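Please find some notes on the model shown here. They are set out as numbered points.

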Amino acid sequence: MAQDNATRSFPQGRPGRGSSRRRIRVISVTSGKGGVGKTSVVANLALALCRMEQRVLVLDADLGLANLDVMLGLNPRYTIDHLLRGERTLEEILIQGPGGFKLLPAASGIPELTELDNTQRLLLLDELDALRDRFDVLLIDTGAGISSNVMYFNYAAMEKVVLVTNEPTSLTDAYALIKVLTSRYKQKRFKVLVNSAQNAKEAERIYRHLSLVVDQFLGSPSLDYLGWIPFDKQMPAAVRKQRTVLECFPESAASGRLLEVAKALMANEGESFLEGDIRFFWQRFLEH
Ligand SMILES: Nc1ncnc2c1ncn2[C@@H]1O[C@H](COP(=O)(O)OP(=O)(O)OP(=O)(O)O)[C@@H](O)[C@H]1O
Ligand SMILES: [Mg+2]
């Protein structure tokens, strides 16, 4: 049960693998309501972080149709399914995104990830372990809602970015997501990113509103304000070109804010290193 495992603590390093292992930040981008901009934000943040000399791995964990590879005009030949069947190595599955980030196109394999046998788990963990020295950040596009898959990825990620917009349903769905992650999965900290806002003032108002309701009804979790991205028609225009807005419209308002959000993410990196690394992440995911 997820609840039981939430309190279970895993060792930070595996015996015999050395204590000087690097840590990787594992950041999920999630939302209660669908269509609020997760995939767009993940693609652009991945590129922005690469420009800040971070080595970025993106995990597409969304089962929806508008997947990251499609949004970026990439054509993955293999997914994590091939790895689990022993047909391909992780190296062969990863594809290159803009700015040099790597994408793990796991989408079609995700339903099976919760039902792996022990051999497959070990195979996956070992393959992923080999990646640890190659990346600084793992960004996960979780998909929307409160399905188990979304929950497990959020539960396993050290940092959770909850995307909201000014639509009332986006806020109520974000609240529902935070409620489930708090009560059932014992998660306590969330970063709030407001997308498609009219201006900074509106974004802060949305954040304060959510924060107030969470405080009032859930008590313990703490919400940090990560920043905001304006409503900008260049965002869908970039999607139509199958590129990131940072590449197509670097001067746009959205691009400017996305770079600020990336900077804000990098500014407080301390907390996420307390808990673990990429192996820890997968272990937590697989042993939910
Ligand atoms: N800041 C913005 N301004 C205007 N349009 C935006 C903005 N952010 C995202 N969009 C548009 O909203 C639509 C949905 O975005 P996206 O696919 O990234 O959302 P999502 O949360 O990943 O959706 P899903 O839950 O279906 O996976 C896209 O057409 C995208 O271009
Ligand atoms: Mg999406």
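1. Leu104 touches Leu57, Val58, Leu59, Asp60, Ile80, Ile93 and Leu94, leaving aside residues up to four places away in sequence; two residues are in contact if their C-beta atoms, placed from the backbone, lie within 7 Å. Leu104 belongs to strand β4 (residues 102–104). Leu104 counts as buried because it has 24 C-beta neighbours inside 10 Å. Buried means 20 or more other C-beta atoms within 10 Å of the residue's own, exposed 12 or fewer, and partly exposed in between, with C-beta atoms placed from the backbone. Leu90 is 14 residues from Leu104 along the chain, and their C-alpha atoms are separated by 8.4 Å.

2. This is a predicted model: local features need pLDDT of at least 70 and side-chain atom pairs count only at pLDDT 80 or more, while totals for chains, interfaces and linings use all residues. Residues are numbered from 1 along each chain as its sequence is written, and chains are lettered from A and ligands numbered from 1 in the order in which they are written.

3. The protein has 14 helices and eight strands, taken as DSSP runs (helices H or I, at least four residues; strands E, at least two) numbered from the N terminus. Of its 288 residues, 44% count as buried. Among contacts between residues at least 6 apart in sequence, 79% join residues at least 24 apart.

4. Which residues come nearest to ligand 1? They are Gly34, Gly37, Thr39, Ser40 and Pro236, out of 22 around ligand 1; a residue is near if its C-beta atom, placed from the backbone, lies within 6 Å of the molecule. Two or more residues of this shell come from each of α2 (38–51), β5 (137–144), β7 (189–197) and α11 (234–240). The shell divides into nine nonpolar, 10 polar and three charged residues. Here Ala, Val, Leu, Ile, Met, Phe, Trp, Tyr, Cys and Pro count as nonpolar, Asp, Glu, Lys and Arg as charged, and the others, Gly among them, as polar.

5. Helix α2 also packs against helix α13 (residues 253–267), at an angle of about 65 degrees and with the axes 9 Å apart. The two are therefore roughly perpendicular, a term for angles of 65 to 115 degrees. Their crossing is right-handed. Asn44, Leu45, Ala48 and Leu49 in α2 meet Leu258, Leu259, Val261 and Ala262 in α13. The residues of this contact divide into seven nonpolar, one polar and no charged.

6. Helix α8 (residues 148–156) is mostly covered, with seven of its nine residues buried. These are Val150, Met151, Tyr152, Phe153, Asn154, Tyr155 and Ala156.

How values were computed:
Axes fitted to C-alpha atoms, helices over the stretch in contact; angles between N-to-C directions. Parallel < 35°, antiparallel > 145°, perpendicular 65-115°, else oblique. Left-handed = near helix turned anticlockwise from the far one by under 90°.
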